[in-house]
Amino acid sequence: MFPIKAFQKFFHQFTLLYRPFENKLNILLNQHQIQRAQWTILYYLSLNGSITLVELSNYLSVEKPTVTRTINRLEELGYVEQIPSKDKREKRIQLTELGKEVYKHVRITIDQFEKDILKGISEQEQLNAIHIMKEIHNNLIEWEDKN
């Protein structure tokens, strides 16, 4: 047997957590007829107001065509709209009034789910975990830039 190091356990636990979380989240989002990628964009727009597709692509770490397809679907649903931009080449989007209402409604469902699965974890522990995840994300971006 090989000794298991803390970082190995950490990422093993992360992979064990990710899939069930994603599956349960998708079930809840399906009740509202939206998908996780759409929810992530609604969440980001609710926090930041408006964003370009390039900024959104960078934030989500996905290709621009993927973002464009998701945004097009959200536009069809009436949840997002294009707004004028200083640069005619960039497409800037924001939530519509309907999008804001849908976000608030779905947020209630997701808030309960997230509170339930964080049961027994203090706010300080949650803040520590957020800090750790941000550091890992920054390290990952740094690693990608080097390689």
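Strands E2 and E3 (residues 92-95) run antiparallel and are joined by 4 bridges; two strands count as paired if DSSP finds at least two bridges between them. This is a predicted model, in which local features need pLDDT of at least 70, side-chain atom pairs count only at pLDDT 80 or more, and totals for chains, interfaces and linings use all residues. Residues are numbered from 1 along each chain as its sequence is written, and side-chain values use heavy atoms, without hydrogens and water.

**Sheet**

- Strands (E, at least two residues) and helices (H or I, at least four) are DSSP runs, numbered from the N terminus.
- The open sheet has 3 strands in the order E1-E3-E2, with antiparallel pairing.
- Strand E1 (50-52) and strand E2 (80-83) are the edge strands, each pairing on one side only.
- Strands of a sheet pair through backbone hydrogen bonds, either parallel or antiparallel.

**Nonpolar core**

- The largest nonpolar core has 24 residues, and Trp39, Leu42, Leu56 and Ile71 have the most contacts inside it.
- Such a core is a set of buried Ala, Val, Leu, Ile, Met, Phe, Trp, Tyr and Cys residues joined through side-chain atoms within 4.5 Å, where buried means under 20% relative accessible area with a 1.4 Å probe, protein chains only.
- Two or more residues of this core come from each of helix H1 (6-30), helix H2 (36-48), H3, helix H4 (64-77), E3 and helix H5 (97-117).
- Trp39 touches (heavy atoms within 4.5 Å) Leu29, Ile34, Tyr103, Val106, Arg107 and Ile110, not counting residues up to four places away in sequence.

Terms used: Buried < 20%, exposed > 50% of the residue type's maximum accessible area, 1.4 Å probe, protein only.
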